[in-house]
Amino acid sequence: MRTVLLTGGSGYVGSHIALNLLKKNFSVVIYDSFVNSSREVFNKFNKVLDEEFLKKNLKIYEGDLREKDSLRNLFEDFYLNGKKINSVIHCAGLKSVKDSLLNPLDYWDVNITGTLNLIKIMNKFSCKKIIFSSSATVYDCNQSGLLNEKSILKPINPYGNTKYIIEKLLQDIYLSSKDAWRIVNLRYFNPIGADPDGLIGEGPSSEKNNIFPLILDVASKKLDKFTIYGNDWDTKDGTCVRDYIHIDDLAESHIRALKYISENRPNFLNLNIGTGKGTSVLELINTFENINGVKVPYVFGQRREGDFGSVVADNSLAKTLLNWEPQKNLEDMCRDGWDWFKNSGI
Ligand code: NAD
């Protein structure tokens with residue numbers, strides 16, 4: 001059984017990856033501080049997975065990546081029990097652009113110190129396969145057209161800077177021993193929605209900044225109105241265009257990336273994970289309303305500082321190398337996200 005360490009595994013992205021890995025018979029070790037999530041996220045996994053299988057193959061550790069000793073103990077435990085950790089999917093980190101502008105030290109500390117600790121321990125235990133949760137924020141998003149992996153990089157906020165630096169760190173590690181490390185930076189565009197069985201979704205415990213949880217709050221009348229930042233962008237209807245991708249398709253890309261690095265020679269790759277299709281905020285709201293039969297009242301506000309008109313992926317490299325193809329459309333994203341939310345009790 002292949003054992004994967006999943007840092008940040010109880011968060012939005014991590015929990016969907018965990019569910020998908022388990023469905024494919026991987027053994028999953030979660031390491032999370034629960035600063036923006038809760039271990040309850042795993043409670044419903046037994047609705048689709050055998051209880052005994054879960055007991056054996058889902059291990060949950062509470063810990064902060066900045067605590068080197070706790071990470072070392074985890075690797076040691078598995079090593080001594082003959083269940084070596086084969087690879088790491090590294091999702092743990094702080095992720096709010098807005099918060100990173102207010103608290104840059106926290107972002108550098110958690111994201112950079114945490115990753116340095118992780119890589120050092122991985123190196124010590126000869127675990128040299130890592131998939132890193134990077135982001136489209138590493139790009140200069142003022143470029144016109146689709147962004148490909150060779151587009152200019154120019155993050156403009158502390159959050160994006162940390163993603164950029166971690167990519168560079170991983171590249172340096174790879175270049176220092178090219179016959180050993182297998183590294184993939186997956187540059188996510190905009191994951192939304194929830195797993196199609198409705199077991200898990202996006203329910204952060206900190207302030208909501210991402211678009212989809214806010215739409216859910218407005219649709220459920222927890223919030224009066226949704227604010228669209230700017231209607232004078234140079235886009236089809238004046239509102240910002242983004243590349244939304246179903247969380248299940250995003251999760252699957254990690255499994256394909258693990259397969260790719262296991263079957264190929266050591267390598268270092270940056271890959272865009274998006275659908276390649278741009279959707280405006282108004283289109284997202286209209287689709288959500290139509291497919292779910294609910295209203296999402298909105299108002300137009302000022303543009304936000306540091307925002308961009310259009311950010312859409314050229315995903316051809318990931319499609320070719322990983323033999324991966326997004327399967328779900330915007331309606332699926334809106335329907336699955338709402339179905340989960342209605343039954344989640346949050
Ligand atoms: P999330 O906040 O839901 O998940 C992150 C998890 O990491 C949480 O469970 C949190 O408790 C944990 N964590 C935070 N600091 C930690 C620490 N010091 N030690 C251990 N665990 C810690 O966020 P997400 O949306 O699931 O994002 C996962 C990763 O993907 C992040 O690295 C994020 O930057 C990246 N990403 C997310 C998006 C998105 O739109 N969701 C887009 C691009 C990139």
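Guide: A residue is called buried when its relative accessible area is under 20%, exposed when it is over 50%, and partly exposed in between, with a 1.4 Å probe and only protein chains considered. The helices (H or I, at least four residues) and strands (E, at least two) are DSSP runs, numbered from the N terminus. This is a predicted model, in which local features need pLDDT of at least 70 and side-chain atom pairs count only at pLDDT 80 or more, whereas totals for chains, interfaces and linings use all residues. Residues are numbered from 1 along each chain as its sequence is written, and side-chain values use heavy atoms, with hydrogens and water left out.

Visitor: Which residues of α6 are called buried?

Guide: In α6 they are P158, Y159, G160, T162, K163, I166, E167, L169, L170 and Y174. They pack against α4 (97–102), α5 (104–124), β5, β6 (182–188) and β11 (267–273), where contact means heavy atoms within 4.5 Å.

Visitor: How do you know that the span of α6 agrees with its 19 residues?

Guide: The expected span of a helix is 1.5 Å times one less than its number of residues. For the 19 residues of α6 that gives 27 Å, and the end C-alpha atoms are 27 Å apart, so the two values agree.

Visitor: Why is Y164 called partly exposed?

Guide: Y164, which is placed in helix α6, has a relative accessible area of 27%, and it therefore falls in the partly exposed class. Leaving aside neighbours within four places in sequence, Y164 is in contact with V138, L153 and P155. The C-alpha atoms of Y164 and S135 are 8.7 Å apart, although 29 residues separate the two along the chain.

Visitor: Why does S100 count as buried?

Guide: The relative accessibility of S100 is 0%, and S100 therefore counts as buried. S100 belongs to helix α4, and its side chain reaches the backbone nitrogen of Y159 at 3.1 Å. A polar contact is a pair of N or O atoms within 3.5 Å; within protein, one must be able to donate a hydrogen and the other to accept it, and residues adjacent in sequence count only if both atoms are side-chain atoms. Apart from neighbours within four places in sequence, S100 is in contact with Y107, N157, P158 and Y159.

Visitor: Why does H16 count as buried?

Guide: At 0% relative accessibility, H16 counts as buried. H16 lies in helix α1 and, not counting residues up to four places away in sequence, touches A194, D195, I200, G201, I247 and A251.

Visitor: Which of the 28 residues around the ligand come nearest?

Guide: They are V13, D32, S37, K95 and Y159, and a residue is near a molecule or strand if one of its heavy atoms lies within 4 Å of it. By class, the shell holds 12 nonpolar, 12 polar and four charged residues; Ala, Val, Leu, Ile, Met, Phe, Trp, Tyr, Cys and Pro count as nonpolar, Asp, Glu, Lys and Arg as charged, and the others, Gly among them, as polar.

Visitor: What lies 2.9 Å from a nitrogen atom of the ligand?

Guide: An N or O atom in the side chain of D64 lies at that distance. Backbone N or O atoms also lie by ligand oxygen atoms, at 3.0 Å for V35 and at 2.9 Å for C91. Taken alone the ligand exposes 820 Å², of which the protein buries 96%; such areas come from the Shrake-Rupley method with a 1.4 Å probe, and for residues only the protein chains shown count as cover. Two or more residues of the shell come from each of α1 (12–23), β5 (129–135) and α6 (158–176), and β5 gives the most, with three residues.

Visitor: What makes the phi of K221 stand out?

Guide: K221 has a positive phi of about 65° although it is not a glycine. Most residues other than glycine have a negative phi. K221 sits in the loop between α7 (211–219) and β8 (226–229), and K221 is exposed because its relative accessible area is 71%.

Visitor: Why does N323 count as exposed?

Guide: The relative accessibility of N323 is 60%, and N323 therefore counts as exposed. N323 is placed in the loop between α10 (316–322) and α11 (330–344), with a positive phi of about 55° although it is not a glycine.
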